[in-house]
Amino acid sequence: LALLRPICRLSLRLTGQSDVHQRDDLTNIFGETYKEGEGISSKLPLVMLTECFAKFSEGLIFREVDKARDSIQQYLSIQGLTTANMNNSGDFFRIFYAGLASFYVGRELDDRLLITRGNWCKDWIEKLVVSASTWNFQNKAYLLQAEEQFCERNFDAAERLYDAAILSAKTHKFVNEQALSNELAGHFYLDTGRKIKSVNYFMRAFESYNEWGAVAKAASLTKYFEIGDAA
């Protein structure tokens, strides 16, 4: 329950059900009851990592930079992400989002340390493309590479990599990551002054998020559709 709760909260927000009543306490298999924030994370470090993961993912997905900043810094300090100790392939999903969140926050706040940590995550995912599965990891590597190039202001390279990430996610049936790749490409074009072009990517993200079932997240993108009309 302690591990599932932060992810459930994020899932409910994505689907527009975040107002559903949730219990304030958690009971484990030993019958011990905890309230959120009352020491459960210190007793179960994996719970703390999961809570941080859910929060920085939420900050990334909903463009809440303060939430993403605080939780990604806490996560990285706990996890100790370095090229030397990222050896558990089961952590790939958290590390993928940690890389995206690090690039996002690092770029928004001009924090080079976070951008460097994003690069560590990118390097780790790139290795999995070769050593584990092109099908599972190619699109993730492309998206991290795109975000890296955006941070470094190599815009031509970033454009190619965003499109590669979108195509790979579509080919390999990761509809949620197809949505995310389109959205991040939209923010890239918006932030680099190409407002009309950004709308096409936001609209594709809207379609993919709806297909995935994240209807509330999809609805949050409609405000970007008006940018093209205003431009």
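The model is predicted: local features need pLDDT of at least 70, side-chain atom pairs count only at pLDDT 80 or more, and totals for chains, interfaces and linings use all residues. Residues are numbered from 1 along each chain as its sequence is written, and side-chain values use heavy atoms, with hydrogens and water left out. The chain has 12 helices and 2 strands, and buried residues make up 47% of its 231 residues.

**Fold and surface**

- Helices (H or I, at least four residues) and strands (E, at least two) are DSSP runs, numbered from the N terminus.
- Along the sequence, the elements run α-β-β-α-α-α-α-α-α-α-α-α-α-α.
- Among contacts with a separation of 6 or more, 58% join residues 24 or more positions apart; contact means heavy atoms within 4.5 Å.
- The chain has an accessible surface of about 11300 Å², and carbon and sulfur atoms hold 52% of that surface. Accessible areas come from the Shrake-Rupley method with a 1.4 Å probe, and for residues only the protein chains shown count as cover.

**Largest pocket**

- The largest pocket holds about 250 Å³ of space. Its lining has 15 residues, of which L10, L14, I61, Y97 and W212 are the closest to the centre.
- A pocket is an open set of points on a 1 Å grid over the protein atoms alone, where a 1.4 Å probe fits, with protein on both sides within 12 Å along at least five of seven lines; lining residues have an atom within 4 Å of a point. Grid points are joined across faces, edges and corners, and a volume is the space filled by probe spheres set on the points.
- At least two lining residues come from each of helix 1 (4–15), helix 3 (45–61), helix 5 (92–109), helix 9 (175–191) and helix 10 (195–212). Helix 1 gives the largest share, with 5 residues.
- By type, the lining has 11 nonpolar residues, 4 polar and no charged. Ala, Val, Leu, Ile, Met, Phe, Trp, Tyr, Cys and Pro count as nonpolar, Asp, Glu, Lys and Arg as charged, and the others, Gly among them, as polar.

**Single residues**

- Buried means under 20% relative accessible area, exposed over 50%, and partly exposed in between (1.4 Å probe, protein chains only).
- H172 sits in the loop between helix 8 (155–171) and helix 9. H172 counts as buried because its relative accessibility is 10%.
- Leaving out residues up to four places away in sequence, H172 touches T134, W135 and Q138.
- C52 is buried, at 2% relative accessibility, while C8 is partly exposed, at 38%.
- The structure holds 0 disulfides, a disulfide being a pair of cysteine sulfur atoms within 2.5 Å.
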